[in-house]
Amino acid sequence: MTMMKVIPISASAGITGFESPATDYKQLPLSLDELLIQHPSATFIGQASGCSMQNVGIFDGDILIVDRHVKVQDQDVIVANYNGNFVCKIIDTKRRMLLSANDEHQPVVIHEYDQFSVEGIVVRSIRCHRPSPLLMNSAAIESVFNR
């Protein structure tokens with residue numbers, strides 16, 4: 001059984017008769033920016049492509065919130081520049097490897113001769129269940145590949 005923790009925010013709306021939907025509307029004291037982004041000046045957004053991270057809940061088309069301010073720790077989900085390509089992987093700092101979260105993809109060793117830099121830590125991922133016109137504009141969000 002899937003469990004869900006409910007965020008305690010009160011809001012109500014009239015559901016009987018023909019009242020205006022805004023009659024009992026209350027402003028929610030919640031900002032998605034504040035909820036999702038801790039370091040605004042050090043955060044960027046990308047879009048996942050591929051299936052290599054699905055076992056950690058990142059699927060093709062998901063939105064990734066990437067924080068450059070957070071210090072890299074072993075087994076973090078990161079976005080990195082690996083030989084000129086942006087990749088989303090789990091970093092194994094002890095063995096210098098990039099790991100996928102899908103058994104169909106092999107680990108990648110980070111060699112001394114590889115061009116490699118961590119661009120940030122994936123701190124949140126968002127799944128859109130309906131297409132968003134904003135996301136269809138390829139210039140709006142930098143694509144992050146999960147190869």
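What follows is a walk through one predicted protein model, from its overall layout to single residues.

Residues are numbered from 1 along each chain as its sequence is written, and side-chain values use heavy atoms, with hydrogens and water left out. Because the model is predicted, local features need pLDDT of at least 70 and side-chain atom pairs count only at pLDDT 80 or more, while totals for chains, interfaces and linings use all residues.

Start with the layout. The protein has 2 helices and 8 strands. Helices (H or I, at least four residues) and strands (E, at least two) are DSSP runs, numbered from the N terminus. Read from that end, the order is α-β-β-β-β-β-β-β-α-β.

Next, the totals. The protein has 147 residues, and 29% of them count as buried. Buried means under 20% relative accessible area, exposed means over 50%, and partly exposed lies in between (1.4 Å probe, protein chains only). The protein exposes about 10,300 Å², of which carbon and sulfur atoms supply 55%. These areas come from the Shrake-Rupley method with a 1.4 Å probe; for residues, only the protein chains shown count as cover. Contact means heavy atoms within 4.5 Å. Among contacts with a separation of 6 or more, 60% are between residues 24 or more positions apart.

Now go to strand 3, residues 77–82. Of its 6 residues, 6 are buried, so strand 3 is largely enclosed by the rest of the structure. In a regular strand the side chains alternate between the two faces of the sheet. Both faces of strand 3 are covered. Val 77, Val 79 and Asn 81 are buried on one side. Ile 78, Ala 80 and Tyr 82 are buried on the other.

Which strands pair with strand 3? Strand 4 is one partner: 6 bridges join the two, and they run antiparallel. Strand 7 is another, joined to strand 3 by 5 bridges, again antiparallel. Two strands pair if DSSP finds at least two bridges between them. Individual partners can be picked out. Val 77 has Ile 90 of strand 4 as its bridge partner. Tyr 82 stands opposite Phe 116 in strand 7.

The turn out of strand 3 deserves a look. Strand 3 and strand 4 form a hairpin with 2 residues between the strands. There, Asn 83 takes a positive phi near 50 degrees. Most residues other than glycine have a negative phi, and most peptide bonds are trans. Two loop residues also have positive phi values. Gln 75, not a glycine, has a phi of about 75 degrees. Gln 75 sits in the loop between strand 2 and strand 3 and is partly exposed, at 43% relative accessible area. Arg 96 has a phi near 50 degrees. Arg 96 belongs to the loop between strand 4 and strand 5 and is partly exposed at 39% relative accessibility.

Turn to the charged pairs. Side chains of opposite charge can pair when their charged atoms come close. A salt bridge is a side-chain nitrogen of Lys or Arg within 4 Å of a carboxyl oxygen of Asp or Glu. The structure holds 4 salt bridges. One of them joins Arg 68 to Glu 119 (3.6 Å, N to O). That pair links distant parts of the chain, 51 residues apart: Arg 68 is in the loop between strand 2 and strand 3, and Glu 119 is in strand 7. Glu 119 is buried, at 17% relative accessible area.

Another salt bridge joins Lys 94 to Asp 74 (3.6 Å, N to O). This pair, too, links distant parts of the chain, 20 residues apart. Lys 94 lies in the loop between strand 4 and strand 5, and Asp 74 in the loop between strand 2 and strand 3. Lys 94 is exposed at 71%, whereas Asp 74 is partly exposed at 28%.

Asp 92 and Arg 95 also form a salt bridge (2.6 Å, N to O). Here Asp 92 is buried at 4% relative accessible area, while Arg 95 is exposed at 52%.

Leu 30, Leu 32 and Leu 35 make a nonpolar patch of about 270 Å². Patches are made of residues with over 30% relative accessible area and no salt bridge: like charges are joined within 9 Å, nonpolar side chains (Val, Leu, Ile, Met, Phe, Trp, Tyr) within 5 Å. Leu 32 lies in helix 1, residues 32–36. Leu 32 is exposed, with a relative accessible area of 55%.
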